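Dear colleague,

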Amino acid sequence: MPDDEQLEGQAMLPPRPLKASKGRGAVSNLQGRFDKQAREEYDDGWPREEEEPRGWKTQVTEEQAKTILSRNSSPDLPFGVSLNPYRGCEHGCIYCYARPTHSYLGLSPGLDFESKIFAKVNAPELLRRELGKAAYVPESIALGVITDAYQPCERELRLTRRILEVLQECEHPVGLITKSALIERDIDILAPMAAKRLATAAITLTTLDPTIARTLEPRAAAPARRLRAIRTLTDAGIPVSVSISPIIPFVTEPEIEHLLEAARDAGAVHAHYVVLRLPWEVNPLFQQWLQAHFPDRAQRVMNRVREMRGGKDYDSDFASRMKGEGVWAELIRQRFQIAVARLGLTGRGDRFKGLDTSLFRRPLVIPPLGSKAKEGSAGQLDLF
(Lines give C-alpha, C1' and ligand atoms only; values in the text may rest on other atoms or scores of the structure.)
Protein backbone atom coordinates (compact mmCIF):
# COMPACT_ATOMS: atom_id res chain seq x y z
CA MET A 1 0.00 0.00 0.00
CA PRO A 2 1.50 3.39 -0.93
CA ASP A 3 2.37 5.76 1.87
CA ASP A 4 1.19 9.38 2.14
CA GLU A 5 4.25 10.75 0.26
CA GLN A 6 3.56 8.49 -2.71
CA LEU A 7 -0.12 9.45 -2.76
CA GLU A 8 0.76 13.13 -2.84
CA GLY A 9 2.27 12.67 -6.27
CA GLN A 10 -0.79 10.93 -7.71
CA ALA A 11 -3.67 12.67 -9.38
CA MET A 12 -7.02 12.43 -7.64
CA LEU A 13 -9.68 11.05 -9.94
CA PRO A 14 -12.75 13.14 -10.76
CA PRO A 15 -15.92 12.03 -8.97
CA ARG A 16 -18.01 9.32 -10.57
CA PRO A 17 -21.17 10.45 -12.34
CA LEU A 18 -24.15 10.51 -10.01
CA LYS A 19 -26.55 7.66 -10.65
CA ALA A 20 -29.89 7.16 -8.94
CA SER A 21 -30.73 3.74 -7.51
CA LYS A 22 -34.21 2.41 -8.19
CA GLY A 23 -36.38 2.79 -5.11
CA ARG A 24 -33.89 5.00 -3.25
CA GLY A 25 -33.86 8.75 -2.76
CA ALA A 26 -30.18 9.45 -2.09
CA VAL A 27 -27.78 9.02 -4.99
CA SER A 28 -24.75 8.40 -2.78
CA ASN A 29 -23.74 7.06 0.59
CA LEU A 30 -22.27 10.37 1.66
CA GLN A 31 -19.95 10.22 4.66
CA GLY A 32 -21.32 11.53 7.93
CA ARG A 33 -19.83 14.63 9.51
CA PHE A 34 -18.43 12.64 12.44
CA ASP A 35 -16.40 10.22 10.30
CA LYS A 36 -12.72 10.45 11.20
CA GLN A 37 -11.43 9.18 7.87
CA ALA A 38 -12.15 10.52 4.39
CA ARG A 39 -12.02 8.38 1.25
CA GLU A 40 -10.67 9.56 -2.09
CA GLU A 41 -9.94 7.81 -5.37
CA TYR A 42 -6.45 8.08 -6.88
CA ASP A 43 -5.20 7.31 -10.35
CA ASP A 44 -3.02 4.18 -10.05
CA GLY A 45 -2.55 3.75 -13.78
CA TRP A 46 -5.26 1.13 -14.33
CA PRO A 47 -8.30 1.89 -16.49
CA ARG A 48 -11.18 3.04 -14.34
CA GLU A 49 -13.98 0.48 -14.33
CA GLU A 50 -17.61 1.35 -13.89
CA GLU A 51 -18.82 0.67 -10.39
CA GLU A 52 -21.01 -2.41 -10.20
CA PRO A 53 -24.60 -1.64 -9.20
CA ARG A 54 -25.10 -2.24 -5.51
CA GLY A 55 -28.21 -3.69 -4.01
CA TRP A 56 -29.45 -1.65 -1.07
CA LYS A 57 -31.66 -4.19 0.60
CA THR A 58 -33.38 -2.85 3.68
CA GLN A 59 -32.00 -4.12 6.99
CA VAL A 60 -34.12 -3.70 10.11
CA THR A 61 -32.27 -3.99 13.41
CA GLU A 62 -34.17 -4.40 16.65
CA GLU A 63 -32.92 -2.29 19.53
CA GLN A 64 -33.84 -1.74 23.16
CA ALA A 65 -34.35 1.99 23.69
CA LYS A 66 -33.57 3.57 27.06
CA THR A 67 -36.16 6.33 26.77
CA ILE A 68 -39.07 6.86 24.41
CA LEU A 69 -40.47 10.39 24.83
CA SER A 70 -38.50 13.35 23.49
CA ARG A 71 -39.21 16.89 24.68
CA ASN A 72 -38.41 20.16 22.96
CA SER A 73 -38.96 23.84 23.62
CA SER A 74 -38.58 25.05 20.02
CA PRO A 75 -40.87 28.06 19.53
CA ASP A 76 -41.63 27.16 15.91
CA LEU A 77 -42.91 23.63 16.63
CA PRO A 78 -46.57 23.02 17.52
CA PHE A 79 -45.75 20.21 19.94
CA GLY A 80 -43.57 19.76 23.00
CA VAL A 81 -43.47 15.95 23.25
CA SER A 82 -42.77 13.46 20.46
CA LEU A 83 -42.38 9.71 20.06
CA ASN A 84 -40.61 7.97 17.19
CA PRO A 85 -40.67 4.14 17.06
CA TYR A 86 -38.01 3.96 14.33
CA ARG A 87 -34.61 5.46 13.50
CA GLY A 88 -33.98 5.81 9.80
CA CYS A 89 -36.80 5.72 7.26
CA GLU A 90 -37.25 3.50 4.24
CA HIS A 91 -39.42 6.09 2.48
CA GLY A 92 -36.13 7.63 1.35
CA CYS A 93 -37.31 11.24 1.05
CA ILE A 94 -34.25 13.10 -0.15
CA TYR A 95 -35.18 16.27 1.77
CA CYS A 96 -35.68 14.54 5.15
CA TYR A 97 -34.20 16.69 7.92
CA ALA A 98 -33.72 13.54 10.05
CA ARG A 99 -31.04 12.15 7.74
CA PRO A 100 -28.13 13.69 9.72
CA THR A 101 -29.13 11.68 12.82
CA HIS A 102 -27.63 8.55 11.24
CA SER A 103 -24.23 10.21 11.55
CA TYR A 104 -24.47 9.71 15.32
CA LEU A 105 -24.66 5.96 14.66
CA GLY A 106 -21.52 5.97 12.51
CA LEU A 107 -23.67 5.47 9.40
CA SER A 108 -24.25 7.54 6.28
CA PRO A 109 -27.13 10.02 6.13
CA GLY A 110 -27.40 8.94 2.49
CA LEU A 111 -28.34 5.44 1.43
CA ASP A 112 -27.68 4.02 4.92
CA PHE A 113 -30.42 6.22 6.38
CA GLU A 114 -33.06 4.70 4.12
CA SER A 115 -31.80 1.11 4.11
CA LYS A 116 -30.58 0.54 7.68
CA ILE A 117 -33.56 0.96 9.97
CA PHE A 118 -33.55 0.60 13.76
CA ALA A 119 -36.78 -0.45 15.45
CA LYS A 120 -37.32 0.41 19.11
CA VAL A 121 -39.06 -2.85 19.93
CA ASN A 122 -39.61 -1.94 23.57
CA ALA A 123 -41.31 1.38 22.72
CA PRO A 124 -44.82 0.35 23.90
CA GLU A 125 -43.40 -0.96 27.16
CA LEU A 126 -41.41 2.22 27.78
CA LEU A 127 -44.45 4.37 26.98
CA ARG A 128 -46.62 2.45 29.44
CA ARG A 129 -44.02 2.93 32.16
CA GLU A 130 -43.68 6.64 31.35
CA LEU A 131 -47.43 7.24 31.52
CA GLY A 132 -47.55 5.37 34.82
CA LYS A 133 -45.17 7.71 36.62
CA ALA A 134 -46.78 9.69 39.44
CA ALA A 135 -45.20 12.91 38.17
CA TYR A 136 -46.33 12.49 34.57
CA VAL A 137 -48.44 15.37 33.24
CA PRO A 138 -50.36 14.58 30.04
CA GLU A 139 -49.49 16.58 26.96
CA SER A 140 -50.38 15.77 23.36
CA ILE A 141 -47.80 13.40 21.88
CA ALA A 142 -46.61 13.90 18.30
CA LEU A 143 -46.15 10.41 16.84
CA GLY A 144 -43.82 9.91 13.89
CA VAL A 145 -42.68 13.49 13.35
CA ILE A 146 -38.99 12.67 12.86
CA THR A 147 -39.15 9.37 10.96
CA ASP A 148 -42.41 7.98 9.65
CA ALA A 149 -44.21 5.74 12.14
CA TYR A 150 -45.92 3.97 9.22
CA GLN A 151 -42.91 3.15 7.08
CA PRO A 152 -42.90 -0.30 5.40
CA CYS A 153 -41.45 -2.35 8.29
CA GLU A 154 -44.40 -1.27 10.48
CA ARG A 155 -46.58 -3.73 8.54
CA GLU A 156 -44.85 -6.60 10.31
CA LEU A 157 -43.49 -5.04 13.51
CA ARG A 158 -46.72 -3.19 14.42
CA LEU A 159 -44.94 -0.98 16.94
CA THR A 160 -47.04 2.06 16.06
CA ARG A 161 -50.26 0.12 16.50
CA ARG A 162 -49.19 -1.18 19.90
CA ILE A 163 -48.26 2.36 20.94
CA LEU A 164 -51.71 3.56 19.89
CA GLU A 165 -53.28 0.76 21.93
CA VAL A 166 -51.49 2.05 25.02
CA LEU A 167 -52.59 5.63 24.32
CA GLN A 168 -56.17 4.53 23.72
CA GLU A 169 -56.25 2.59 26.99
CA CYS A 170 -54.97 5.66 28.86
CA GLU A 171 -57.15 8.08 26.88
CA HIS A 172 -54.08 10.08 26.02
CA PRO A 173 -54.15 12.58 23.10
CA VAL A 174 -51.99 11.93 20.05
CA GLY A 175 -51.29 13.62 16.72
CA LEU A 176 -49.85 11.63 13.82
CA ILE A 177 -48.20 12.68 10.58
CA THR A 178 -47.36 10.29 7.76
CA LYS A 179 -46.87 9.78 4.03
CA SER A 180 -48.22 6.24 4.22
CA ALA A 181 -51.69 4.85 3.61
CA LEU A 182 -50.91 2.21 6.25
CA ILE A 183 -52.47 4.59 8.76
CA GLU A 184 -55.84 3.31 7.50
CA ARG A 185 -55.12 0.01 9.27
CA ASP A 186 -55.49 1.73 12.64
CA ILE A 187 -58.79 3.49 12.01
CA ASP A 188 -60.44 1.13 14.51
CA ILE A 189 -58.32 2.80 17.21
CA LEU A 190 -58.10 6.34 15.85
CA ALA A 191 -61.79 6.86 15.09
CA PRO A 192 -63.04 6.25 18.67
CA MET A 193 -60.18 8.39 19.98
CA ALA A 194 -61.01 11.19 17.54
CA ALA A 195 -64.63 11.13 18.72
CA LYS A 196 -63.30 12.07 22.18
CA ARG A 197 -60.90 14.69 20.75
CA LEU A 198 -57.95 12.43 21.50
CA ALA A 199 -56.57 11.90 18.00
CA THR A 200 -55.89 13.82 14.83
CA ALA A 201 -53.86 13.01 11.71
CA ALA A 202 -51.82 14.87 9.12
CA ILE A 203 -50.90 13.60 5.67
CA THR A 204 -47.89 15.10 3.91
CA LEU A 205 -48.39 16.06 0.26
CA THR A 206 -45.32 17.27 -1.59
CA THR A 207 -46.35 16.89 -5.22
CA LEU A 208 -49.21 15.53 -7.32
CA ASP A 209 -46.78 14.45 -10.04
CA PRO A 210 -46.05 10.72 -9.63
CA THR A 211 -42.85 11.02 -11.69
CA ILE A 212 -41.39 13.61 -9.32
CA ALA A 213 -42.67 11.73 -6.27
CA ARG A 214 -40.99 8.52 -7.45
CA THR A 215 -37.56 10.12 -7.13
CA LEU A 216 -38.25 12.65 -4.37
CA GLU A 217 -39.83 10.22 -1.87
CA PRO A 218 -39.47 6.85 -3.62
CA ARG A 219 -40.97 4.43 -1.09
CA ALA A 220 -43.72 6.61 0.32
CA ALA A 221 -47.31 6.16 -0.89
CA ALA A 222 -48.10 7.62 -4.31
CA PRO A 223 -49.78 11.05 -4.25
CA ALA A 224 -53.14 9.67 -5.38
CA ARG A 225 -53.01 7.02 -2.65
CA ARG A 226 -52.35 9.66 0.01
CA LEU A 227 -55.38 11.61 -1.16
CA ARG A 228 -57.46 8.45 -0.87
CA ALA A 229 -56.15 7.96 2.67
CA ILE A 230 -57.28 11.50 3.56
CA ARG A 231 -60.77 10.64 2.32
CA THR A 232 -60.85 7.33 4.22
CA LEU A 233 -59.75 8.93 7.49
CA THR A 234 -62.17 11.83 7.05
CA ASP A 235 -65.09 9.51 6.38
CA ALA A 236 -64.21 7.69 9.62
CA GLY A 237 -64.55 10.93 11.58
CA ILE A 238 -60.83 11.61 12.04
CA PRO A 239 -59.88 15.26 11.42
CA VAL A 240 -57.10 15.42 8.82
CA SER A 241 -54.63 18.20 8.20
CA VAL A 242 -52.48 18.36 5.09
CA SER A 243 -48.81 19.27 5.32
CA ILE A 244 -47.54 20.86 2.10
CA SER A 245 -43.88 20.27 2.70
CA PRO A 246 -41.30 20.85 1.70
CA ILE A 247 -42.00 23.54 -0.84
CA ILE A 248 -39.09 23.29 -3.30
CA PRO A 249 -38.68 26.26 -5.67
CA PHE A 250 -39.23 25.37 -9.35
CA VAL A 251 -39.87 21.71 -8.45
CA THR A 252 -42.94 21.46 -6.20
CA GLU A 253 -43.57 25.17 -5.59
CA PRO A 254 -45.68 25.64 -8.77
CA GLU A 255 -48.19 23.12 -7.37
CA ILE A 256 -49.07 24.88 -4.10
CA GLU A 257 -52.63 25.81 -5.07
CA HIS A 258 -53.30 22.48 -6.82
CA LEU A 259 -52.07 20.52 -3.78
CA LEU A 260 -54.33 22.46 -1.43
CA GLU A 261 -57.34 22.06 -3.71
CA ALA A 262 -56.79 18.31 -4.05
CA ALA A 263 -56.44 17.95 -0.28
CA ARG A 264 -59.63 19.95 0.32
CA ASP A 265 -61.53 17.82 -2.17
CA ALA A 266 -60.27 14.69 -0.38
CA GLY A 267 -61.63 15.95 2.95
CA ALA A 268 -58.75 17.74 4.68
CA VAL A 269 -59.88 20.54 6.99
CA HIS A 270 -56.60 22.30 7.77
CA ALA A 271 -53.27 22.98 6.05
CA HIS A 272 -49.77 24.14 6.87
CA TYR A 273 -46.48 24.28 4.97
CA VAL A 274 -42.69 24.25 5.35
CA VAL A 275 -40.17 25.50 2.82
CA LEU A 276 -37.18 23.32 1.93
CA ARG A 277 -34.68 22.93 4.78
CA LEU A 278 -31.10 21.78 4.15
CA PRO A 279 -29.37 21.19 7.52
CA TRP A 280 -26.00 19.43 7.70
CA GLU A 281 -25.65 16.51 5.28
CA VAL A 282 -29.10 17.06 3.78
CA ASN A 283 -27.57 19.94 1.81
CA PRO A 284 -25.02 17.99 -0.29
CA LEU A 285 -27.40 15.03 -0.60
CA PHE A 286 -30.18 17.23 -1.96
CA GLN A 287 -27.83 18.98 -4.37
CA GLN A 288 -26.64 15.59 -5.65
CA TRP A 289 -30.29 14.64 -6.17
CA LEU A 290 -30.88 17.85 -8.09
CA GLN A 291 -27.92 17.19 -10.38
CA ALA A 292 -29.10 13.62 -11.00
CA HIS A 293 -32.77 14.40 -11.69
CA PHE A 294 -33.06 18.12 -12.54
CA PRO A 295 -29.67 19.21 -13.92
CA ASP A 296 -31.37 21.82 -16.11
CA ARG A 297 -32.73 23.76 -13.14
CA ALA A 298 -30.39 22.77 -10.28
CA GLN A 299 -28.65 26.14 -10.16
CA ARG A 300 -31.94 28.05 -10.30
CA VAL A 301 -33.33 26.00 -7.42
CA MET A 302 -30.32 26.60 -5.20
CA ASN A 303 -30.19 30.31 -6.06
CA ARG A 304 -33.79 30.66 -4.91
CA VAL A 305 -33.15 28.60 -1.78
CA ARG A 306 -30.27 30.92 -0.88
CA GLU A 307 -32.42 33.96 -1.55
CA MET A 308 -34.88 32.66 1.08
CA ARG A 309 -32.05 31.89 3.54
CA GLY A 310 -30.22 35.21 3.66
CA GLY A 311 -27.68 34.15 1.03
CA LYS A 312 -26.86 30.83 2.71
CA ASP A 313 -27.89 27.29 1.86
CA TYR A 314 -29.58 27.03 5.26
CA ASP A 315 -30.29 29.18 8.28
CA SER A 316 -31.39 27.41 11.48
CA ASP A 317 -32.81 30.51 13.15
CA PHE A 318 -36.14 29.68 14.80
CA ALA A 319 -37.75 32.79 13.37
CA SER A 320 -37.25 31.75 9.74
CA ARG A 321 -36.14 28.12 9.39
CA MET A 322 -39.64 26.80 8.56
CA LYS A 323 -40.84 29.59 6.26
CA GLY A 324 -37.72 31.35 4.99
CA GLU A 325 -37.32 35.09 4.57
CA GLY A 326 -37.20 37.67 1.81
CA VAL A 327 -39.38 38.45 -1.19
CA TRP A 328 -39.79 34.88 -2.42
CA ALA A 329 -40.66 33.54 1.03
CA GLU A 330 -43.26 36.30 1.39
CA LEU A 331 -44.78 35.44 -1.99
CA ILE A 332 -45.10 31.80 -0.97
CA ARG A 333 -46.71 32.82 2.32
CA GLN A 334 -49.24 35.02 0.55
CA ARG A 335 -50.07 32.39 -2.07
CA PHE A 336 -50.58 29.81 0.64
CA GLN A 337 -52.75 32.00 2.85
CA ILE A 338 -54.93 33.17 -0.05
CA ALA A 339 -55.49 29.58 -1.21
CA VAL A 340 -56.24 28.32 2.30
CA ALA A 341 -58.80 31.08 2.86
CA ARG A 342 -60.42 30.48 -0.53
CA LEU A 343 -60.67 26.73 0.05
CA GLY A 344 -61.77 26.96 3.68
CA LEU A 345 -58.86 24.92 5.05
CA THR A 346 -59.05 26.53 8.47
CA GLY A 347 -60.88 23.91 10.54
CA ARG A 348 -59.85 21.72 13.48
CA GLY A 349 -57.28 19.70 11.63
CA ASP A 350 -54.09 21.14 13.06
CA ARG A 351 -52.44 18.27 14.76
CA PHE A 352 -52.39 19.33 18.40
CA LYS A 353 -54.63 22.29 19.14
CA GLY A 354 -57.94 21.28 20.62
CA LEU A 355 -56.91 17.80 21.74
CA ASP A 356 -58.25 16.93 25.19
CA THR A 357 -55.85 16.01 28.02
CA SER A 358 -58.50 15.96 30.75
CA LEU A 359 -59.54 12.34 30.15
CA PHE A 360 -56.10 10.91 30.84
CA ARG A 361 -55.86 7.96 33.21
CA ARG A 362 -52.74 6.08 34.18
CA PRO A 363 -52.27 2.52 32.95
CA LEU A 364 -53.62 -0.13 35.32
CA VAL A 365 -50.63 -2.38 34.79
CA ILE A 366 -47.05 -1.13 34.44
CA PRO A 367 -44.56 -3.75 33.17
CA PRO A 368 -41.37 -4.25 35.18
CA LEU A 369 -38.01 -3.33 33.72
CA GLY A 370 -36.74 -5.85 31.19
CA SER A 371 -40.09 -7.41 30.37
CA LYS A 372 -40.59 -8.45 26.75
CA ALA A 373 -43.57 -8.19 24.47
CA LYS A 374 -45.56 -11.34 23.73
CA GLU A 375 -46.92 -11.60 20.24
CA GLY A 376 -50.28 -13.13 19.49
CA SER A 377 -51.60 -13.02 23.04
CA ALA A 378 -55.10 -11.82 23.76
CA GLY A 379 -55.78 -8.75 25.83
CA GLN A 380 -53.88 -5.55 26.48
CA LEU A 381 -52.12 -6.91 29.55
CA ASP A 382 -50.37 -9.61 27.52
CA LEU A 383 -48.62 -7.14 25.22
CA PHE A 384 -45.61 -6.83 27.52
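In this predicted model, N283, F286, Q287, L290 and Q291 of α10 are in contact (heavy atoms within 4.5 Å) with A298, V301, M302 and R306 of α11. The residues of this contact comprise five nonpolar, three polar and one charged, where Ala, Val, Leu, Ile, Met, Phe, Trp, Tyr, Cys and Pro count as nonpolar, Asp, Glu, Lys and Arg as charged, and the others, Gly among them, as polar. The axes of α10 (residues 282-293) and α11 (residues 298-307) come within 9 Å and cross at roughly 145°; they are lines fitted to C-alpha atoms over the stretch in contact, with angles running from 0 to 180 degrees between N-to-C directions.

The end C-alpha atoms of α10 lie 16 Å apart, in agreement with the 16 Å that its 12 residues should span at 1.5 Å a residue, the expected span being 1.5 Å times one less than the number of residues. V282, N283, L285, F286, Q288, W289 and L290 of α10 are buried, that is, under 20% relative accessible area with a 1.4 Å probe, protein chains only, and the buried residues of α10 pack against α7 (210-216) and α11.

The chain has 12 helices and 10 strands, taken as DSSP runs (H or I, at least four residues; E, at least two), and 53% of its 384 residues count as buried.

Residues are numbered from 1 along each chain as its sequence is written, and side-chain values use heavy atoms, without hydrogens and water. Local features need pLDDT of at least 70 and side-chain atom pairs count only at pLDDT 80 or more, whereas totals for chains, interfaces and linings use all residues.

Terms used:
Buried < 20%, exposed > 50% of the residue type's maximum accessible area, 1.4 Å probe, protein only.
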